[in-house]
Amino acid sequence: MLLLTPVLVALVCILIVWIFKNTNRSIKKRKVESQARAETRPWMDEDLRDSSDLYQVEEDGDEWQESEETIDHIPFAHTRYSEEEMAKRSQEFYELLNQRRSVRFISNEQIPMEVIDNIIKAAGTAPSGAHTEPWTFVVVKDPDVKHRIREIIEEEEEINYRRRMGVRWVTDLKKLRTNWIKEYLDTAPVLILIFKQVHGFAANGKKKVHYYSEISVSISCGLLLAALQNAGLVTVTTSPLNCGPRLRVLLGRPTNEKLLLLLPVGYPSKEATVPNLKRKPLDQIMVTV
């Protein structure tokens with residue numbers, strides 16, 4: 001029996017080594033698979049990765065302003081239409097927005113600033129979490145600033161197309177004939193950069209919580225697109241991936257603001273073309289329960 005002890009020890013040692021090697025192989029395999037999945041997933045702008053929407057107050061309560069504001073409630077003024085008028089207005093509005101297209105060929109013809117003011121005001125009517133209105137619209141008209149924005153975006157976009165976005169994403173974009181060259185950032189008379197405010201500030205300098213800031217600002221962007229279409233202007237929605245921090249510094253925006261969207265705005269150029277795309281029919285986008 002004593003002679004078996006060294007044999008058992010040897011077997012146990014061999015078993016431990018085998019388990020250790022297989023564990024290492026399994027860990028390495030999972031890392032490779034994880035990296036592969038990361039490369040195929042749609043890539044997200046790191047500047048937008050935050051947990052700003054809910055209850056950061058608990059982490060550093062002394063820095064945050066407790067809300068004590070009271071607001072009077074007033075009677076709601078509402079215009080009610082007949083069913084026929086409702087149907088007519090809804091059809092006309094649909095037909096107007098159905099003409100909206102993403103236009104990458106924009107004229108350098110100037111547009112009235114009053115129109116831009118009204119469009120931004122319309123976007124500012126969007127609902128927001130606890131009525132915090134967590135948006136900042138930066139309107140850029142200066143040619144030198146527009147060109148610097150283009151340089152920053154094209155530099156990062158080339159890296160996005162070549163390395164970050166992955167083969168599948170780049171392939172899906174080929175039909176749209178888009179790449180990292182953004183000439184419209186120079187030619188468009190106006191650039192509108194929409195920033196979400198991760199948090200706000202009270203009059204005493206303390207931070208104010210902004211709830212659901214990204215959802216709120218996204219709704220505002222939808223109204224902005226509708227207002228542009230209503231005014232007879234064109235744009236293309238652009239998400240300058242990985243450009244947020246540099247553009248924020250260029251435009252002198254504070255660190256609590258994160259770039260969500262950039263819109264070049266103007267009239268379409270005479271040679272403008274768009275892909276002949278079709279929208280999904282109603283029965284593919286609506287479910288009635």
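**Figure 1. Pairing of strands E1 and E2.** In this predicted model, strand E1 and strand E2 (residues 190–197) are joined by six bridges in the antiparallel sense. Strands of a sheet pair through backbone hydrogen bonds, in either a parallel or an antiparallel arrangement.

Figure 2. The strands are arranged in the order E1-E2-E5 and form an open sheet with antiparallel pairing. Strand E1 (135–140) and strand E5 (257–265) are the edge strands, each pairing on one side only. From one strand to the next, the twist averages 20 degrees. Helix H3 (residues 113–123) packs on this sheet and touches E1, E2 and E5. The direction of H3 makes about 165 degrees with that of E1.

**Figure 3. Strand E5 and its pairing with E2.** Eight bridges connect E2 and E5, again in the antiparallel sense. Within this pairing, Leu 193 stands opposite Leu 262 in E5. Although E5 is an edge strand, E5 is mostly covered, with nine of its nine residues buried.

**Figure 4. The largest nonpolar core.** This core consists of 22 residues. The residues with the most contacts inside the core are Phe 137, Ile 192, Ile 194, Leu 224, Leu 263 and Val 265. Two or more residues are contributed by each of H3, E1, E2, helix H7 (213–230) and E5. Helix H7 provides the largest share, six residues.

**Figure 5. Surroundings of Ile 192.** When neighbours within four places in sequence are left aside, Ile 192 is in contact with Ile 120, Phe 137, Val 138, Val 139, Leu 224, Leu 261, Leu 262, Leu 263 and Val 265.

Figure 6. Arg 150, Glu 154 and Asp 186 are linked in a network of salt bridges. Arg 150 forms a salt bridge with Glu 154, and their closest N and O atoms are 2.8 Å apart. These two residues are separated by about one helical turn because they are four residues apart in helix H4 (residues 143–164). Arg 150 also meets Asp 186 in a salt bridge, at 2.8 Å from N to O. Asp 186 lies in helix H6 (residues 184–187) and Arg 150 in helix H4, so this pair ties together parts that are 36 residues apart in sequence. Arg 150 counts as buried at 17% relative accessibility, and Glu 154 is buried at 16%. Asp 186, by contrast, counts as partly exposed at 24%. Side chains of opposite charge can pair when their charged atoms come close.

**Figure 7. The salt bridge between Arg 253 and Glu 257.** The structure holds nine salt bridges, including one between Arg 253 and Glu 257. The closest N and O atoms of this pair are 2.8 Å apart. Arg 253 is partly exposed, having a relative accessible area of 29%, whereas Glu 257 counts as buried at 3%.

**Figure 8. Two buried cysteines.** Cys 221 is buried, with a relative accessible area of 5%. Cys 243 also counts as buried, at 0% relative accessibility. The structure holds zero disulfides. A disulfide is a covalent bond between the sulfur atoms of two cysteines.

**Figure 9. The chain as the setting for the close-up views.** The secondary structure comprises nine helices and five strands. Along the sequence, these elements follow the pattern α-α-α-β-α-α-α-β-β-β-α-α-β-α. The chain has 289 residues, of which 32% count as buried. Among contacts in the chain with a separation of 6 or more, 83% are accounted for by residues 24 or more positions apart.

Terms used
Residues numbered from 1 in each chain as written. Predicted model: local features only at pLDDT ≥ 70, side-chain atom pairs only at ≥ 80, totals over all residues. Heavy atoms only, no water. Pairing = 2+ DSSP bridges. Axes fitted to C-alpha atoms, helices over the stretch in contact; angles between N-to-C directions. Contact = heavy atoms within 4.5 Å. Buried < 20%, exposed > 50% of the residue type's maximum accessible area, 1.4 Å probe, protein only. Core = buried A, V, L, I, M, F, W, Y, C linked by side-chain atoms within 4.5 Å. Disulfide = S-S within 2.5 Å. Salt bridge = Lys/Arg side-chain N within 4 Å of Asp/Glu carboxyl O.
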